[in-house]
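Could you walk me through this fold, stop by stop, while I have it open in my viewer? I would like to know what to select next and what is there.

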Amino acid sequence: MTKSTLRIEVLFDNERLSNDLEIGWGFSALITRGERKVLFDTAWDGAQVLQNADRLGVSLEDVTDIFISHAHWDHAGGLPQLLRELRPARTWVPASVSKHQRHELSRHTEVHTVQEPTPLGNDLFSTGALESATQPDEHALVALTEEGPVVVVGCSHPGVGRILERVRDEYGAPHTLIGGLHDFSDFKLLAPLKKVLPCHCTTKKAEILAAYPHSAEACAAGTHLTFG
Ligand SMILES: [Zn+2]
Ligand SMILES: [Zn+2]
């Protein structure tokens with residue numbers, strides 16, 4: 001069965017494509033497929049995410065799901081403001097989001113605490129939570145497309161290699177990787193990918209773009225990708 005079109009729009013990032021967009025330390029992207037609209041992370045200030053969406057002509061009113069990659073302020077901080085404006089049916093969080101925070105979330109939305117690889121619906125998946133020695137557990141979102149799995153990451157604290165390995169084991173060879181790659185420097189792991197967009201906290205963006213001129217692209221608020 002052919003898979004429906006997937007669209008990814010970066011709403012908030014440490015960089016921006018145009019000066020009318022808010023900028024800061026954090027990440028948020030909207031993943032749209034069919035009737036599912038998944039807000040991946042909320043940056044630190046929900047008002048700025050809403051403002052950027054508005055300026056990009058993206059409606060968040062009908063967001064169906066919120067996916068929190070990990071319990072860091074620059075990914076989950078925007079939640080309270082956004083939950084005042086949005087009515088997501090479901091929120092997907094790793095267990096590193098505290099039980100009290102999950103309780104607060106459950107007043108607004110169905111809360112799914114993800115441990116194992118989990119289908120979200122519409123050929124969207126969570127990798128399942130991956131542990132990190134020094135940082136909170138983190139999960140990544142995988143969208144299966146005709147080209148292969150597209151992987152959206154928050155900060156990649158558990159390690160880019162482990163995330164890609166989990167995707168390969170569960171869903172097949174990753175096609176695209178977009179999101180924060182933190183202090184990742186084992187660049188050869190990116191060689192099999194057809195597309196890489198190092199965003200947010202990636203410290204070695206310039207090196208990645210130089211190492212993979214044909215597959216790596218710059219990422220910023222306003223960047224969008226379409227598959228299928
Ligand atoms: Zn971050
Ligand atoms: Zn982080």
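Here is a tour of this predicted model, going from sheets to helices to the core.

**Stop 1: the seven-stranded sheet**

Begin by colouring the strands in the order S6-S5-S4-S3-S2-S1-S13, which together form an open sheet of mixed pairing. Now pick out S6 (110-114) and S13 (224-227): each has a single partner strand, so one side of each is left without a neighbour in the sheet.

Next, select residues 28-33 and 36-40. These are strands S2 and S3, an antiparallel pair joined by five bridges. Zoom in on Arg 33, whose bridge partner in S3 is Arg 36.

**Stop 2: helix H1 on that sheet**

Which residues of H1 are buried? Show Gly 46, Gln 48, Val 49, Leu 50, Asn 52 and Ala 53 to see them. Their cover includes S1, S2 and helix H3 (79-85).

**Stop 3: Leu 11**

Move to Leu 11, in strand S1. Is Leu 11 buried or exposed? Leu 11 counts as buried because it has 30 C-beta neighbours inside 10 Å, and the threshold for a buried residue is 20 or more. Leaving aside neighbours within four places in sequence, its contacts include Ser 28, Ala 29 and Leu 30, then Val 49, Asn 52 and Ala 53, and also Ala 221. For a sense of scale, draw a C-alpha to C-alpha distance from Leu 11 to Thr 113: the two are 24 Å apart in space and 102 residues apart in sequence.

**Stop 4**

Select S5, H4 and S6, which make a right-handed β-α-β unit. The two strands run parallel and are joined by five bridges; one pairing to display is Pro 94 with its bridge partner in S6, Val 114. Helix H4 (residues 99-106) lies across S5 (90-94) and S6, running at about 150 degrees to S6.

**Stop 5: the six-stranded sheet**

Now show the strands in the order S7-S8-S9-S10-S11-S12, another open sheet with mixed pairing. At its edges, S7 (118-121) and S12 (195-199) each pair on one side only. The twist from one strand to the next averages 20 degrees.

Within this sheet, highlight S9 (residues 141-145) and S10 (residues 148-153), which run antiparallel with five bridges between them. Thr 145 stands opposite Gly 148 in S10. Then bring in helix H5 (residues 160-171), which packs on the sheet and touches S8 (124-126), S9 and S10; its direction makes about 145 degrees with that of S10.

**Stop 6: the nonpolar core**

Finish with side chains shown. Which members of the largest nonpolar core touch the most other members? Of its 61 residues, they are Ala 29, Ile 31, Leu 141, Val 151 and Val 152. Strand S1 gives the most to this core, with five residues.

Beyond its neighbours within four places in sequence, Leu 141 is in contact with Ile 31, Phe 40, Phe 67, Leu 124, Ser 126 and Val 152.

Technical notes
Residues numbered from 1 in each chain as written. Chains lettered and ligands numbered in written order. Predicted model: local features only at pLDDT ≥ 70, side-chain atom pairs only at ≥ 80, totals over all residues. Pairing = 2+ DSSP bridges. Helix = DSSP H or I, 4+ residues; strand = E, 2+ residues; numbered from the N terminus. Contact = placed C-beta atoms within 7 Å. Axes fitted to C-alpha atoms, helices over the stretch in contact; angles between N-to-C directions. Core = buried A, V, L, I, M, F, W, Y, C linked by C-beta atoms within 7 Å. Buried ≥ 20, exposed ≤ 12 C-beta atoms within 10 Å, placed from the backbone. Right-handed = clockwise from strand over helix to strand, strands pointing away.
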